[in-house]
Structures are given as structure tokens and as C-alpha cells.
Amino acid sequence: MNWHTRYAQQAKWTRDLRAYTFNKIKLDDSQRVLEVGCGTGAILSELPTGPSLHGLDLDPAALAQCRIHASAASLIQGNALSLPYSNRSFDVVYCHFLLLWVRDPLQALLEMKRVTKAGGTIIAFAEPDYTKRIDKPDELVPLGKWQTESLRRQGADPGFGARLAESFFQAGIQIIETGTIQSVGNEASTEEWEIEWAVIEADLAGSVPGEDIQKMKLLDKAAREQGERVLHVPTHFAWGQI
């Protein structure tokens with residue numbers, strides 16, 4: 001699995017939201033910006049080079065790729081639950097498809113708040129709620145259930161997105177805007193569909209018989225070609241200030 005390709009796909013889903021939010025907060029005027037869970041640099045690589053860019057991730061292999069894709073950023077291997085930065089170090093701190101993977105998302109938000117300057121901005125761009133996933137036609141409903149269970153086995157909280165705003169409130173972050181981003185995936189290109197299925201096949205290997213996975217793949221392909229495929233996972237965002 002090429003994870004940078006996958007992260008770039010996810011970054012595409014939120015590009016309009018990021019452009020809107022970064023414009024609202026005047027990101028270009030910021031001095032220091034931190035991405036918590038920067039992965040391979042799919043988003044850091046798209047940021048303006050005016051601010052001092054910083055990225056943190058647990059995975060050294062991802063950071064090695066990030067150094068290639070976002071060479072202007074200062075990168076550190078570290079844990080979102082204990083950020084290795086001083087108090088009030090950054091003007092903007094954000095994450096992207098991260099908190100559902102964190103053992104204690106509230107603690108992660110408290111850490112993001114700690115390292116954000118007074119008057120600074122904290123953003124969670126995308127946190128899905130797979131418990132409200134919709135699959136059509138009905139023959140594809142088991143696929144959604146399999147993927148949700150796979151996330152749980154991997155240590156994620158598939159329903160965290162529904163609690164994102166509440167978590168901001170509990171962390172004492174003043175919410176400016178929150179909601180769900182536009183559904184993505186129904187009009188995916190062939191390349192994007194293949195990337196999605198590479199993830200599905202990797203996630204379900206060993207837990208679902210291979211022939212059942214391939215049956216779902218064929219059903220999914222046919223439904224898309226006939227214009228009958230509906231896939232909706234509510235994906236929540238929130239941003240606020242200190």
C-alpha cells in the first residue's frame with residue numbers, strides 16, 4: 001500500500017474546507033503552524049512557506065517520506081498525547097483524520113490547546129463517524145460493517161466524529177465553526193476507486209474470506225457503473241480559538 005497516495009487522496013477530500021478555513025484565520029499571517037499527525041506530508045506540502053511549518057508523527061517511516069514531500073517543514077517523531085513543544089508555541093495547530101486513531105482524543109486536544117498561543121487557532125479537519133455509514137444498494141451494507149469492525153480491531157474509534165464538537169467543548173476550545181464536510185466517494189475516478197479498494201482489501205485480509213471481499217468489489221464496481229452506488233460516511237470538522 002502506497003500510504004502517501006492514500007493520504008493525498010484524503011487531503012483532496014478536504015481541500016476546499018482547508019482553503020476556506022485557512023483564509024478565515026489568515027494562515028499566511030501566522031508565524032508558526034503545527035500539524036499533529038502529519039503522516040507523509042500530503043497536507044504540509046500544500047501549505048504556504050511564509051509561516052514556519054512544523055509536523056509531528058509517531059511513524060518514522062511516514063516522517064521519512066514527509067521530509068521529501070514537505071522539505072520546508074521542521075519534523076519531530078512524537079506522540080499526540082504528549083507533544084514535545086513548549087506552552088503557547090504555535091499560532092495554528094491542526095490535525096486531519098487523526099483523533100479517531102488516538103487512544104485519548106480529549107488529551108490530544110488538551111495538548112494541542114497547551115501548545116497554541118492565546119488567540120491562536122485549533123482545527124480538526126476531518127473525523128468520520130462510520131457508525132452512521134450508508135451503503136446502497138443494500139447488498140453492499142455488509143462491506144460497511146466489515147470496514148467499521150476492521151477499524152475497531154486496528155484500535156480506532158469509528159464513531160468518534162460524532163463526538164468531535166463535544167470534545168472541543170470539553171477541552172475548553174471556543175468553537176467558531178463545526179459541521180460535516182460534503183460527502184465524497186460517489187464520483188470517484190477509477191484511480192481513486194482502486195486506491196480505496198487497495199485499503200479495503202488490506203484492512204479485511206485475514207478477517208473476511210477473500211472470495212467474499214472480491215464479491216463485494218464486483219458488486220461495488222457494477223453499482224458505480226450503473227449509477228446506483230451510494231456511499232456516505234458523515235465526516236465532521238471543527239475549528240476554534242483559545
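This is a predicted model: local features need pLDDT of at least 70, side-chain atom pairs count only at pLDDT 80 or more; totals for chains, interfaces and linings use all residues.

Colleague: Fine. Leaving aside neighbours within four places in sequence, what is Thr 14 in contact with?

Modeller: His 96, Phe 125, Ala 126 and Ile 181. Thr 14 sits in the loop between α1 (3-13) and α2 (15-24).

Colleague: Is Thr 14 buried or exposed?

Modeller: Buried. Its relative accessible area is 1%, and the cut-off for buried is under 20%.

Colleague: On to the sheet. What's the strand order?

Modeller: β3-β2-β1-β4-β5-β9-β7. It is an open sheet of seven strands with mixed pairing. The edge strands are β3 (74-77) and β7 (174-180), each pairing on one side only. On average, neighbouring strands are turned by 15 degrees against each other, direction ignored.

Colleague: How many bridges join β2 to β3?

Modeller: Four, and the two strands run parallel. β2 covers residues 52-57. His 54 stands opposite Ser 74 in β3.

Colleague: Which strands does helix α3 touch?

Modeller: β2 and β3. Helix α3 (residues 60-69) packs on the sheet, and its direction makes about 175 degrees with that of β3. Helix α2 lies across β5 (116-128), β7 and β9 (235-241). It runs at about 170 degrees to β5.

Colleague: New topic. How do α5 and α7 cross?

Modeller: At roughly 65 degrees, with axes that come within 10 Å. The crossing is left-handed. α5 contributes Leu 143, Trp 146, Gln 147, Ser 150 and Arg 153 to the contact. From α7 come Glu 196, Trp 197, Ile 200, Asp 203 and Leu 204. By class, that contact has five nonpolar, two polar and three charged residues.

Colleague: Which residue forms a salt bridge with Glu 196?

Modeller: Arg 6, with the closest N and O atoms 2.7 Å apart. The pair links distant parts of the chain, helix α7 and helix α1, 190 residues apart. Glu 196 counts as buried at 18% relative accessibility. Arg 6 is buried too, at 8%.

Colleague: And where do Arg 114 and Glu 111 lie?

Modeller: Both are in helix α4 (residues 105-114), three residues apart, about one turn of the helix. Arg 114 is partly exposed at 25%, whereas Glu 111 is buried at 10%.

Technical notes:
Residues are numbered from 1 along each chain as its sequence is written. Side-chain values use heavy atoms; hydrogens and water are left out. Buried means under 20% relative accessible area, exposed over 50%, partly exposed in between (1.4 Å probe, protein chains only). Contact means heavy atoms within 4.5 Å. Axes are lines fitted to C-alpha atoms, for helices over the stretch in contact, and angles run from 0 to 180 degrees between N-to-C directions. A crossing is left-handed if the near helix is turned anticlockwise from the far one by less than a right angle, and right-handed if clockwise. Ala, Val, Leu, Ile, Met, Phe, Trp, Tyr, Cys and Pro count as nonpolar, Asp, Glu, Lys and Arg as charged, and the others, Gly among them, as polar. Two strands pair if DSSP finds at least two bridges between them. A salt bridge is a side-chain nitrogen of Lys or Arg within 4 Å of a carboxyl oxygen of Asp or Glu.
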